Amino acid sequence: MSATPASASGSYSGLAYVYGGGVFADDWDNEGIVDTTHNKQSNATCLWQKILWADGELAASGIDGDFGSNTAAATARWQTKFQVPSDGSAGEKTWTAAGNWLRNSDYLPSGNTVAYYIGTSYTISLSRDSDGYYHFTDGDGSGRIAGYNYRTCS
C-alpha cells in the first residue's frame, strides 16, 4: 500500500500513524478510518484487531492487519458493547471510545511513554514514542508501529 499521510489516515488527523500527545485521554479522538475499504491492510488495522482481541471480540489468530469480514463483524459487536453506532467500521467515534480505555504507566529512558489499553478480557501494553507514534506487538509478538499506509503485522 502506498498513500500520502493525509489520505492514509482518512479525514481526521491526516497523520500516517496512530498518534498521541500530552494526556492519554484524548489520544485517539482523531484517528483515521480502518475498515473493509479504508486502510484495510495496515498496522493501524492490526492495532485495532488487538483492541478487539483485548475486549473478547476477535480470536488472537485474527490479528493479521487485514480488515476482512471477521474483523468487520467483531467491530460491529464491539461497537454495540461500547454503545457506539454499529457499522462495522472503526472511525472517529469508535477510536474515541477505545481511547477512553487508554492509561499511561511510566516513562522509559528512551523518552517513550508506556501505556496500556484496558480491555474487558486482556490488557494490551503499548508505548508512545517521543514523536507521538504508537507502538505495539502484533499477533506473533513482533514490535510494530501503528501506521496507516503499510502492513508489516502478521
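## Aromatic pairs

Searching the whole structure, which is a predicted model, gives 10 aromatic pairs. In one of them, the ring centres of Trp28 and Tyr117 are 6.5 Å apart and the planes meet at 20°, so this pair is stacked. Trp28 sits in the loop between helix H1 (5-8) and H2, and Tyr117 in strand E2 (residues 113-118); the pair links distant parts of the chain, 89 residues apart. Trp28 and Tyr117 are both buried.

A further pair joins Trp53 and Tyr122: with centres 4.1 Å apart and planes at 5°, under the 30 degrees that limits stacking, the rings count as stacked. Trp53 belongs to helix H2 and Tyr122 to the loop between E2 and strand E3 (123-128), so the contact ties together parts that are 69 residues apart in sequence. Tyr122 has a relative accessibility of 43% and therefore counts as partly exposed.

## Ring cluster

Ring pairs also join residues into a cluster, made up of Trp28, Trp48, Trp78, Phe82, Trp95, Trp101, Tyr117 and Tyr134. The stacked pair of Trp28 and Tyr117 thus has both of its residues among the cluster members.

## Disulfide

The S-S torsion of Cys46 and Cys153 is about 45°, which means that the disulfide is right-handed. Both Cys46 and Cys153 are buried.

Terms used. Residues numbered from 1 in each chain as written. Predicted model: local features only at pLDDT ≥ 70, side-chain atom pairs only at ≥ 80, totals over all residues. Heavy atoms only, no water. Disulfide = S-S within 2.5 Å. Buried < 20%, exposed > 50% of the residue type's maximum accessible area, 1.4 Å probe, protein only. Phe/Tyr/Trp six-rings, centres within 6.5 Å; stacked < 30°, edge-to-face > 60°. Helix = DSSP H or I, 4+ residues; strand = E, 2+ residues; numbered from the N terminus.
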